[in-house]
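Here are a few exercises to work through with the model open in your viewer. Try each task before you read its solution.

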Amino acid sequence: MKIAFIGAGGIAGNYLSSLKKLEQPVAAICDLNSERAQKVAAENSAQSYTDYKEMLAQEKPDAVFICVPPGAHDTQVEDAANAGAALFVAKPIGLDFDAVLRTRDVIDKAGVINQVGYMARYSDITERAKELVGGRQLTLGFGRFMCRMGANHPWWGKGEISGGQMLEQSTHVFDWLRYFLGDVEEVAAYGHKGAADDVADFEDSTTCNLRFQNGAIGNIVSTCCANTPKGFAAELSGRDFYLKAVMDNHLHGVIENENVEFYGEEAGYFRQVEEFLKAVEANDQNSVRSSYTDAARTLAVTLAANQSLQSGRPEKVKNI
């Protein structure tokens with residue numbers, strides 16, 4: 001399989017590490033920063049490019065990993081799909097929802113395998129939680145993404161590029177709750193500014209209430225100014241049912257008065273890449289747990305949450 005990368009920043013290194021473990025070579029690396037493109041390409045015995053369109057034309061890859069910041073999305077995914085390449089897209093998939101929907105349509109027309117990097121869907125504890133939930137009715141889901149971001153990140157603290165913490169980081173929590181509770185109908189978000197102005201030009205702390213289409217409710221809290229151990233966690237509740245997933249490997253709770261305690265080994269970072277390659281080899285989109293279309297639904301929720309922050313009122317989530 002001939003693999004190429006568009007973007008060679010931080011998350012690309014994670015995917016490249018997984019490919020090395022799978023003994024899967026990489027043919028080409030493209031990045032606007034020529035020095036970085038050359039460095040990462042040399043480390044992977046690959047060709048380096050600064051123009052991804054040239055790379056697609058020259059290399060004709062079977063699969064492309066698109067690893068660019070949300071605000072840097074243009075037509076990279078569309079062009080790779082039109083070139084016939086399978087797609088692995090780093091989350092989140094953009095800031096412009098209309099552009100994302102156009103890209104979705106291009107992917108559907110091209111008929112290529114597509115996956116988005118929501119690694120938590122591929123973790124051991126998520127698999128175990130799915131088994132335990134089974135057909136039970138869930139009534140409540142809540143979660144958190146709490147961390148202490150550094151002030152020297154090249155783009156994360158710029159809202160016009162990252163989209164803010166709910167859209168760029170806490171998207172993992174929104175997506176995980178959607179994976180269990182289904183689509184979200186309405187959100188209401190509130191935020192605080194002033195505690196991390198050296199880190200971000202957007203809210204340093206937020207809370208977002210959710211109403212799911214099936215009637216369940218939820219809440220997600222986020223902060224980028226607190227160094228909180230195990231800051232990525234989510235909880236599920238229903239009648240005689242409670243589970244807490246502490247990412248990346250601990251699941252515990254109580255189901256019908258029976259204690260649950262489970263420790264996983266695979267966090268999902270490696271498995272998501274492994275399963276993507278399997279899906280490409282088998283040409284089986286049904287085995288993908290996080291398609292581009294499904295990621296667009298998660299994006300719609302976080303965009304609505306950001307809109308609610310600005311409007312100060314509940315906002316409906318766009319249906320797709």
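A residue counts as buried when its relative accessible area is under 20%, and as exposed when that area is over 50%. Keep in mind that this is a predicted model.

**Exercise 1. Is Gln 76 buried or exposed? Describe its surroundings as well.**

Step 1: Find the residue. Gln 76 belongs to helix H4, which covers residues 76–82.

Step 2: Apply the cut-off. The relative accessible area of Gln 76 is 8%, so this residue is buried.

Step 3: The Gln 76 side chain reaches the backbone oxygen of Ala 72 at 3.0 Å.

Step 4: List the contacts, setting aside neighbours within four places in sequence. Gln 76 then touches Ile 6, Tyr 52, Ile 66 and Val 68.

**Exercise 2. Work out the strand order of the six-stranded open sheet and find its edges.**

Step 1: Read across the sheet. The order is E3-E2-E1-E4-E5-E6, and the pairing is parallel.

Step 2: Look for strands with a single partner.

Step 3: Ignoring direction, neighbouring strands are turned by 15° against each other on average.

Step 4: Zoom in on one pair. Strands E4 (residues 63–66) and E5 (residues 86–89) run parallel and are joined by four bridges. Ile 66, one of the contacts of Gln 76, stands opposite Val 89 in E5.

Step 5: H2 (residues 34–43) lies across E2 (28–30) and E3, at about 165° to E3.

**Exercise 3. Which residues have the most contacts inside the largest nonpolar core?**

Step 1: Identify the core. It has 78 residues, and those with the most contacts inside it are Leu 87, Ile 93, Trp 176, Leu 177, Val 187, Leu 210 and Leu 236.

Step 2: Find the main contributor. Helix H11 (residues 292–311) gives the most, with nine residues.

Step 3: Follow one member. Beyond its neighbours within four places in sequence, Ile 93 is in contact with His 73, Val 100, Val 116, Tyr 292, Ala 295, Ala 296 and Leu 299.

Step 4: Look elsewhere. Another core, of 26 residues, lies apart from the largest one and includes Ala 12, Tyr 15, Ile 29 and Ala 63.

**Exercise 4. How many residues of helix H9 are buried?**

Step 1: Count along residues 171–181. Ten of the eleven are buried, among them Trp 176 and Leu 177.

Step 2: Look just past the end of H9. Gly 182 takes a positive phi of about 90° there.

Methods. Residues numbered from 1 in each chain as written. Predicted model: local features only at pLDDT ≥ 70, side-chain atom pairs only at ≥ 80, totals over all residues. Heavy atoms only, no water. Buried < 20%, exposed > 50% of the residue type's maximum accessible area, 1.4 Å probe, protein only. Helix = DSSP H or I, 4+ residues; strand = E, 2+ residues; numbered from the N terminus. Core = buried A, V, L, I, M, F, W, Y, C linked by side-chain atoms within 4.5 Å. Contact = heavy atoms within 4.5 Å. Polar contact = N/O pair within 3.5 Å; in protein donor to acceptor, adjacent residues only side chain to side chain. Pairing = 2+ DSSP bridges. Axes fitted to C-alpha atoms, helices over the stretch in contact; angles between N-to-C directions.
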